[in-house]
Amino acid sequence: MKKETDMARLATKLILTASLLAVAACGKKEVADAPPPPVDNSTGTEVVDTGVDNVPVPGSQGDFLAKVSSDRVFFGLDEDVLTDDDRATLDSQVGWLQQYPNVRATIEGHCDERGTRDYNIALGDRRANAAKSYLISKGVAAGRLTTVSYGKERPDAVGSDESAWAQNRRAVTVTLG
Amino acid sequence: MTRFRTLALGLCATALTTVSPLAAQAVSPPSVSTGESGLSVDVTDESGDDLVIAVPALATPQAVATPAGSTEALGRQVAEVITADLRNSGLFRPKGPDSVRGITFGEVTAPAYTYWRGASSEALVQGFVRAKGDGKLTVGCYLYDVALGTELTRQGFDIAPGDWRRAAHKCADAIYARLSGESPFFDSRIAYIAESGPKDNRVKRLAIMDSDGANHRFITNGQSIALTPRFSPDYKQIVYLSYIGKRPRIYIYDIGTGKQKLVTESVNQTFSPRFSPDGRFILYSMSVSGNTDIYRVSAAGGGTPQRLTNSPGIDTGGSYSPDGSKIVFESDRGGSQQIYVMNADGSGQQRISFGGGRSATPEWSPRGDLIAFTKIGGGFRVGVMSPTGGGERLLTNGWQDEAPSWSPNGRVIQFFRSSPGRSGKSAVWQVDLTGRNERKIPTPLDGSDPAWGPLLP
């Protein structure tokens, strides 16, 4: 999770410096209709090989992933309680969601494979709602957020060990344009 | 729609007193037990001393081509299916057409007892496949006690040639029922989920098959996750969970029309659907802001869902007692998943599982005498307990054995077994109540969530 956060931060830095260049670089087909290139106030010169074509549009899911500390929070076995780390992660999501008040999001609840199918669908719903409730408590309008539980159907890590299970017990925020 | 007709009892008055194979075209179950035989098997017997049954290829009076093959070939195939059914029940040691000699049409009603005694067979199944003028087939089968030289039972069916496997299952059912004293179960179907693809992106398709894995058919194409199917009691519909539109909701799929409809409109996720024994109601679970309860709604559509549980926590699953008066379900209201029973209107909820660990996915036996469930604790195992709690007995010991489903006669349980790790797979398995006879059901892909339907109508 630490690693994930560091990577996200690095990506954010690169993307911030690259984003303005990207806007100019992306208008390939309809050059005549493209808005005038924005003024580039950044130095820009440090940016190399960042995959300019993949630089996310502000307000997009890619932008969300780049700017929040993580798109997901993690839970203990058969738990739906948010930890301090989880709340910090969700706070970063709140910041982004407030920056883009027209963006809706769905929160996907997931479980590890050590629960039975139906129960895990219910448990995943609990986890998604724990994250949703926190976001709402921090000022995100309830109407912008939906939840869906995948139970144990969509693990992120495919192993059958403690570390894989820990990664799979999660609630993931996915923005919806 | 497949129709079976058990030939009228009245027609067989002469057949019972003649050895003419021609008369054998009119066959029927005996109205009373023949009673004399010492042959029987005990489904609770764990001795492994299985009854030896010879099952030669069914004879045909004349090899006639049918859309399903010649009557001669069908006679052999029917015997092979009967042999497999009997073997898979775990109660018999059948010797099929590959290991016993063939019989003539004339022998069908006049067994060569002396020969079969010499061949160390205790019981003998003989029969015939005969083409009728109307394009149908008559399949007759007879069970004999070799030592006593007596007939124990007979059955006959008029079928379309394409339904020959059903005739075989019904013959096997007649034999199983006569020798074990139990109700039949082979002539039934399974709904389940066919699985393929990587573990983190499994394709899960609704599929159906016969109880032995034959006549397999995919129903959904795998674009959306499908889970937890259940047949309606008349086999006309399947209720299941689909993630169509990335929303987990319950649909009723109509097998005849290929169309499906939502069971209930809700912004909340709905899952864990179950038919009532009379097919009039569907139980399901709905999550509202993290709290899951069990509801009941008319299967015909319309009407307001009735909420049956209201505890804070996860109440889910659910399975009716055979008479429809009670429902067994699971709840974590006490802190961990345990099994509870309530009246069908939601009243009188009480916990019945106290065996330690967590207990989930209860399913009431069609006989009413047992609850099958998943025991959670260092893995999943399938077990049974009394409907009043207690008498807990674990039947399997895989890494994860989950979600039991009862055979129509309440003597065999199917479940799915998963293996661990990134290449982990799941398959449909079955076990009998002794725990001794366990086997994998053959499926074209991996399988999970088996749901065994009732005896076919």
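Mentor: Please keep in mind that this is a predicted model. Let us begin with a sheet, for which one reads the strand order and the sense of pairing. In chain B, strands E20-E21-E22-E23 make up an open sheet of four strands in that order, and their pairing is antiparallel.

Trainee: Which are the edge strands of chain B here?

Mentor: An edge strand is one that pairs on one side only; in this sheet of chain B these are E20 (315-320) and E23 (350-351). E20(B) is joined to E21 (residues 326-331) of chain B by four bridges in the antiparallel sense.

Trainee: How many bridges join E24(B) to strand E25 of chain B?

Mentor: There are five bridges between E24(B) and E25 (residues 371-376) of chain B, and the two strands run antiparallel. In this pairing, B:Glu363 has B:Ala372 of E25(B) as its bridge partner. Now consider burial: a residue counts as buried when 20 or more other C-beta atoms lie within 10 Å of its own. Seven of the seven residues of E24 (residues 358-364) of chain B are buried, so the strand is largely enclosed by the rest of the structure.

Trainee: Which residue has a positive phi of about 65 degrees although it is not a glycine?

Mentor: That residue is B:Tyr235. Having found such an angle, one locates it: B:Tyr235 is in the loop between E12 (226-231) and E13 (237-242) of chain B. It has 18 C-beta neighbours inside 10 Å and therefore counts as partly exposed. A second case is B:Ser289, with a positive phi of about 55 degrees although it is not a glycine. B:Ser289 lies in the loop between E17 (281-288) and E18 (291-298) of chain B.

Trainee: Is B:Ser289 buried or exposed?

Mentor: B:Ser289 is exposed, as 12 other C-beta atoms lie within 10 Å.

Trainee: At what angle do helix H1 and helix H3 of chain B pack?

Mentor: For a helix pair one reads the angle, the axis separation and the handedness. H1 (residues 71-88) and H3 (residues 164-180) of chain B pack at about 45 degrees, with their axes 8 Å apart. The two helices, H1(B) and H3(B), are therefore oblique to each other. Their crossing is right-handed. The contact includes B:Leu74, B:Val78 and B:Val81 of H1(B), and B:Trp164, B:Ala168 and B:Ile175 are among the residues of H3(B) that take part. By class, the contact of H1(B) with H3(B) has twelve nonpolar, two polar and two charged residues.

Trainee: How many residues does the contact take from chain A and from chain B?

Mentor: It takes 21 residues from chain A and 32 residues from chain B. The next step is to ask which elements contribute. On the side of chain A that touches chain B, H4 (117-137) and E3 (145-151) of chain A each give two or more residues. H4(A) provides the largest share of that side, ten residues. The residues on this side of chain A comprise eight nonpolar, five polar and eight charged.

Trainee: In what sense do E2(A) and E3(A) pair?

Mentor: They pair in the parallel sense, over six bridges. A:Thr106 has A:Thr146 as its bridge partner in E3(A). E2(A) also pairs with E4 (residues 170-176) of chain A, in the antiparallel sense over six bridges. There A:Thr106 stands opposite A:Val174 in E4(A). E2 (residues 104-110) of chain A is mostly covered, with five of its seven residues buried.

Definitions and conventions: Residues are numbered from 1 along each chain as its sequence is written. Chains are lettered from A and ligands numbered from 1 in the order in which they are written. This is a predicted model: local features need pLDDT of at least 70, side-chain atom pairs count only at pLDDT 80 or more; totals for chains, interfaces and linings use all residues. Axes are lines fitted to C-alpha atoms, for helices over the stretch in contact, and angles run from 0 to 180 degrees between N-to-C directions. Angles under 35 degrees count as roughly parallel, over 145 as roughly antiparallel, 65 to 115 as roughly perpendicular and the rest as oblique. A crossing is left-handed if the near helix is turned anticlockwise from the far one by less than a right angle, and right-handed if clockwise. Two residues are in contact if their C-beta atoms, placed from the backbone, lie within 7 Å. Ala, Val, Leu, Ile, Met, Phe, Trp, Tyr, Cys and Pro count as nonpolar, Asp, Glu, Lys and Arg as charged, and the others, Gly among them, as polar. Two strands pair if DSSP finds at least two bridges between them.
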